[in-house]
Amino acid sequence: MINFAQNFQIIDEARFSFCYNEETFLQAIYQETMKVMKFGGTSVGSAQRMKNMVALVAAAGDVTVVLSAMSGTTNSLLSLSQSILEGENGNALKQIDDLEKKYLETASELLSSAHLLEEANKDIRGKFSALREYVGKPFSDKEAKEVVAFGEKLSTMLVSLYMKEKGLNAVLLDATEFMKINSDGEPDQEFIKENVNAVIARNPGKDIYLTQGFICRNVNGEIDNLQRGGSDYTASLIGAAIAADEIQIWTDIDGMHNNDPRFVDETSPVGELHFEEAAELAYFGAKILHPTCVLPAKYANIPVRLLNTMQPEAPGTVIYNAKPTHTIKAVAAKDNITAIKIKSSHMLLAYGFLRKIFEIFEHYQTSIDMITTSEVGVSVTIDNKRNLQPILEELASLGEVTVDDDMVIICVVGDLEWQNRGFEAEVVNALKEIPVRMISYGGSNYNISLLIKKEDKIKALKLLSQHLF
């Protein structure tokens with residue numbers, strides 16, 4: 001167990017703007033469970049945020065910490081990659097200079113030890129010198145992935161030095177030694193389990209294992225990543241690999257809310273969710289959690305807790321294999337949806353028609369969100385219009401095709417098994433003033449989805465809150 005007095009000093013120095021309940025605080029510090037703690041970009045978005053985050057980690061005991069890049073860094077590196085790709089060398093060099101200045105300033109604010117600050121500055125200048133080497137040279141997707149990986153490497157370097165300055169028993173692990181995706185772009189979970197435990201075994205007796213989220217290597221050994229939101233995925237994969245007691249996702253909001261607080265007043269955090277409920281909400285618009293994050297944790301039966309670095313005493317939302325509650329939990333909305341209807345008399349009493357439709361979408365690697373059918377028609381929704389035109393051209397050979405753009409899927413999540421009488425009626429009655437293009441119910445025990453026009457979204461969210469909560 002790490003030293004309480006030392007941890008308390010770190011917490012005091014962080015000058016949090018909140019107060020812990022003393023009993024809860026002490027319980028949290030002395031809790032000996034093995035946890036994975038993932039912190040997003042806003043949680044490490046400044047020197048002070050990093051100090052606050054380290055205080056939380058110091059109080060946690062036996063913990064593996066997964067960090068995102070500082071907020072704004074990934075977008076800056078993506079913009080830099082685009083500038084290099086387009087041959088805008090002057091703009092690319094200016095972007096590198098501006099980002100380097102930001103990190104040098106952050107290091108100066110974070111570290112008070114002269115030799116550790118010198119070490120940080122040397123590392124920062126080295127990494128940005130490496131970035132400059134990409135400018136004016138052939139640049140492909142391979143190089144772009146290498147560039148974007150610098151964000152997590154910089155954030156973990158700074159935090160590891162601050163932990164060292166505070167005397168914490170911590171070690172920085174390179175995620176590219178154990179995080180790997182296969183030829184399909186999916187995590188190689190056997191490789192991850194074997195290698196993350198091997199790396200930890202080579203660094204025994206540490207209270208804190210710190211590593212990068214998002215980045216990995218691919219099947220060719222090249223730097224790659226787990227796509228947007230991948231730090232959540234990293235935390236869940238590591239948690240499953242080391243059999244953690246809990247996976248904590250720390251962001252800037254106090255759990256998953258029962259509606260979108262950007263559009264609806266007086267929303268509140270949902271105390272607990274089933275893994276399936278959380279996955280539905282994440283996929284259909286709840287930005288706090290990446291949809292894929294819960295899968296490794298679900299299969300390993302490890303609870304995932306969503307917490308707020310700005311209000312750490314808040315209980316947040318816990319996600320686990322919860323028992324049915326016979327309640328509706330939350331509402332989410334997914335924008336930029338396109339609805340496609342295929343109507344054909346050839347579908348009547350025919351077989352194989354749906355297969356032909358699905359094969360077209362499969363050929364163009366376009367996933368379907370919702371589907372409804374009748375004897376002579378099929379309606380589907382997609383959120384990716386990249387290959388819309390050739391899809392429509394091929395669908396036209398099967399029947400009459402109509403398209404509705406700028407639609408929104410409203411997702412209502414809870415214990416929605418069909419035996420629970422009246423739930424679907426409550427949802428439909430709440431939206432009796434809203435024209436509904438499609439309804440999907442029965443494909444899941446946890447979700448009712450409704451397709452509406454973009455301009456009706458906010459009104460629909462508010463009506464559902466009024467009627468359901």
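Author: Ala-339 stands opposite Thr-381 in β13. That position belongs to the antiparallel pairing of β11 with β13, which extends over 6 bridges. Two strands are taken to pair if DSSP finds at least two bridges between them. Helices (H or I, at least four residues) and strands (E, at least two) are DSSP runs, numbered from the N terminus.

The model is a predicted one, in which local features need pLDDT of at least 70 and side-chain atom pairs count only at pLDDT 80 or more, whereas totals for chains, interfaces and linings use all residues. Residues are numbered from 1 along each chain as its sequence is written, and side-chain values use heavy atoms, with hydrogens and water left out.

The other pairing of interest joins β11 (residues 328-343) to β14 (residues 400-414) through 12 bridges, again in the antiparallel sense. Within this pairing, Val-331 stands opposite Val-412, and Lys-341 has Thr-402 as its bridge partner.

These strands belong to an open sheet of 6 strands with antiparallel pairing, in the order β12-β13-β11-β14-β16-β15. Each of the edge strands, β12 (371-373) and β15 (436-441), has a single partner, so one side of each is left without a neighbour in the sheet. From one strand to the next, the twist averages 25 degrees. Helix α13 (residues 353-363) packs on this sheet and touches β11, β12 and β13 (377-382). Contact here means heavy atoms within 4.5 Å. The direction of α13 makes about 20 degrees with that of β13; axes are lines fitted to C-alpha atoms, for helices over the stretch in contact, and angles run from 0 to 180 degrees between N-to-C directions.

β11 is mostly covered, with 12 of its 16 residues buried. Buried means under 20% relative accessible area, exposed means over 50%, and partly exposed lies in between (1.4 Å probe, protein chains only).

A charged residue of β11 leads out of the sheet. The side chain of Lys-329 meets that of Glu-277 in a salt bridge, at 2.9 Å from N to O. Lys-329 lies in β11 and Glu-277 in helix α11 (residues 275-283), so the pair ties together parts that are 52 residues apart in sequence. Both Lys-329 and Glu-277 are buried. The term salt bridge denotes a side-chain nitrogen of Lys or Arg within 4 Å of a carboxyl oxygen of Asp or Glu, and a search of the whole structure finds 21 of them.

Arg-305 is in strand β9 (residues 304-308) and Glu-246 in strand β7 (residues 246-251), so parts 59 residues apart in sequence are tied together. Arg-305 is partly exposed, with a relative accessible area of 26%, whereas Glu-246 is buried at 13%.

Arg-202 and Glu-177 meet at 3.2 Å, N to O. Arg-202 is in the loop between α9 (189-201) and β4 (208-212), and Glu-177 is in the loop between β3 (170-172) and α9, 25 residues apart. Arg-202 counts as exposed at 55% relative accessibility, while Glu-177 is partly exposed at 40%.

A nonpolar core is a set of buried Ala, Val, Leu, Ile, Met, Phe, Trp, Tyr and Cys residues joined through side-chain atoms within 4.5 Å. In the largest core, which has 105 residues, Phe-39, Val-57, Leu-158, Met-179 and Leu-289 touch the most other members. Helix α8 (residues 150-165) gives the most to this core, with 8 residues. Apart from this core lies another, of 21 residues, including Ile-328, Ala-333, Ala-430 and Ala-460.
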